[in-house]
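Here is a short report on one protein model. Keep the structure open beside the text and find each residue as it is named.

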Amino acid sequence: MQKEEKKMQKEVVDAVTMKRALTRITYEIIERNKGVQDIVILGIKTRGVYLANRLAERLKQLEGYDVPVGELDVTMYRDDLEKNGSTNTTTPVELPFSVKDKHVLLVDDVLYTGRTIRAALDAVMDFGRPKKISLAVLVDRGHRELPIRADYIGKNIPSAQAEEIIVEMEERDGQDRILIVKD
C-alpha cells in the first residue's frame, strides 16, 4: 500500500481579488498604449487563453473596440520536452490574424522560470515581425531561469521552488482563485 501524500494548500487570491487584478491590468494596457487599436492578444494555452478573453472583453467595455484574441500552444517550441517526459504531439500553431506590425500582448497565468514565454516568443516570431511584444501575467512567482519580465502583473506572489502556484478559473475549474500548494 502506498503512502498517500498530503499537500497543504492555501488560497492566496479569491475571485474578487482576481477580478480586481485583471481590471487593473486592463487599465494599465489602455494607459500605456494610449488606446487599443493596434493591439492583438495571444493567450498561452490553457489558462492564459481564458485570461486573454477576459482582458479583451474588459477592453471592449472600456474602449468600445474589439481587440483580436488568439490562442497560442507553445508545446512544440519548448526546450524542455524531453526533461518533462513529453513528446511533441501537438499540431502547429495557427493564428487567426497577422502579427506583422502589430503590438502583440502575450497573456499567461503564471510567470515562473521564463521558459514558456521564451517558447511563446519563438512561436510569435514564426508568424512575422510584430511592432512590439508585451507580456501580461496574472501571477509572477519569481525564480527566473531566463531574463524575462512581465509588463503587466496582476499579483506578485513570492514562493519557494518546492511550492506550486495553482490558478483556478471559472471556465475550466468552476471557480476563480489562486492557491499555493506545499508538500
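Lys34 counts as exposed, because its relative accessibility is 77% and the cut-off for exposed is over 50%. Keep in mind that this model is predicted. Lys34 lies in the loop between α1 and β2. Its place is just after α1.

What is the phi of Lys34? Phi is positive there, about 55 degrees, although Lys34 is not a glycine. Most residues other than glycine have a negative phi, and most peptide bonds are trans.

## Two further backbone exceptions

Asp101 also has a positive phi, near 60 degrees, and is a residue other than glycine. Look for Asp101 in the loop between β3 and β4. Its relative accessible area is 48%, so Asp101 is partly exposed.

Now turn to a peptide bond. The bond from Lys45 to Thr46 is cis. Its omega is near 10 degrees. Thr46 sits in the loop between β2 and α2.

## The overall plan

How many helices and strands does the protein chain have? There are four helices and eight strands. Read from the N terminus, the order is β-α-β-α-β-β-α-β-β-β-α-β.

The protein chain has 183 residues, and 42% of them count as buried.

## Helix α1

Helix α1 has 19 residues. From its first C-alpha to its last, α1 reaches 27 Å. That is close to the 27 Å expected at 1.5 Å a residue.

Which residues of α1 are buried? They are Met18, Ala21, Leu22, Ile25, Thr26, Ile29 and Ile30. Thr17 also belongs to helix α1. With a relative accessibility of 22%, Thr17 counts as partly exposed, because buried means under 20%. Thr17 and Gly154 are 137 residues apart in sequence. In space, their C-alpha atoms are 9.4 Å apart.

## Two nonpolar cores

In soluble globular proteins, nonpolar side chains tend to be buried together. Here the largest nonpolar core has 29 residues. Ile41, Leu138 and Ile178 have the most contacts inside this core. At least two residues of the core come from each of α1, β2, α2, β4, β5, β7 and β8. The largest share comes from α1, which supplies six residues.

Now pick out Ile178. Leave aside residues up to four places away in sequence. Ile178 then touches Lys10, Glu11, Val12, Val13, Met18, Leu138, Val139, Ile157, Ile165, Ile166 and Val167. A second core is separate and has 21 residues. Among them are Val74, Leu106, Ala119 and Ile148.

## Helix α3

Helix α3 covers residues 115-125. Its buried residues are Ile117, Ala119, Ala120, Ala123 and Val124. Where do they sit around the helix? Seen down the axis of α3, they fall within an arc of 155 degrees, so they line one face of the helix.

What do these buried residues pack against? Their partners are β2, β3, β4 and β5. In the chain, β2 spans 39-44 and β3 spans 69-72. Strand β4 spans 103-111, and β5 spans 132-140.

Thr113 is in the loop between β4 and α3. Is Thr113 buried or exposed? Thr113 counts as buried, because its relative accessibility is 15% and buried means under 20%.

Thr113 and His143 are 30 residues apart along the chain. Their C-alpha atoms are separated by 5.7 Å. Thr113 touches His143, Arg144, Glu145 and Leu146, again leaving out residues up to four places away in sequence.

Next, find Tyr112. Arg141 lies over the face of its ring, at 3.9 Å from the ring centre. How many aromatic pairs does the structure hold? The count is zero.

Notes
Residues numbered from 1 in each chain as written. Predicted model: local features only at pLDDT ≥ 70, side-chain atom pairs only at ≥ 80, totals over all residues. Heavy atoms only, no water. Buried < 20%, exposed > 50% of the residue type's maximum accessible area, 1.4 Å probe, protein only. Arc of directions from axis to C-beta. Contact = heavy atoms within 4.5 Å. Phe/Tyr/Trp six-rings, centres within 6.5 Å; stacked < 30°, edge-to-face > 60°. Lys NZ or Arg CZ within 6 Å of the ring centre and 35° of its normal. Core = buried A, V, L, I, M, F, W, Y, C linked by side-chain atoms within 4.5 Å. Expected span 1.5 Å × (residues − 1).
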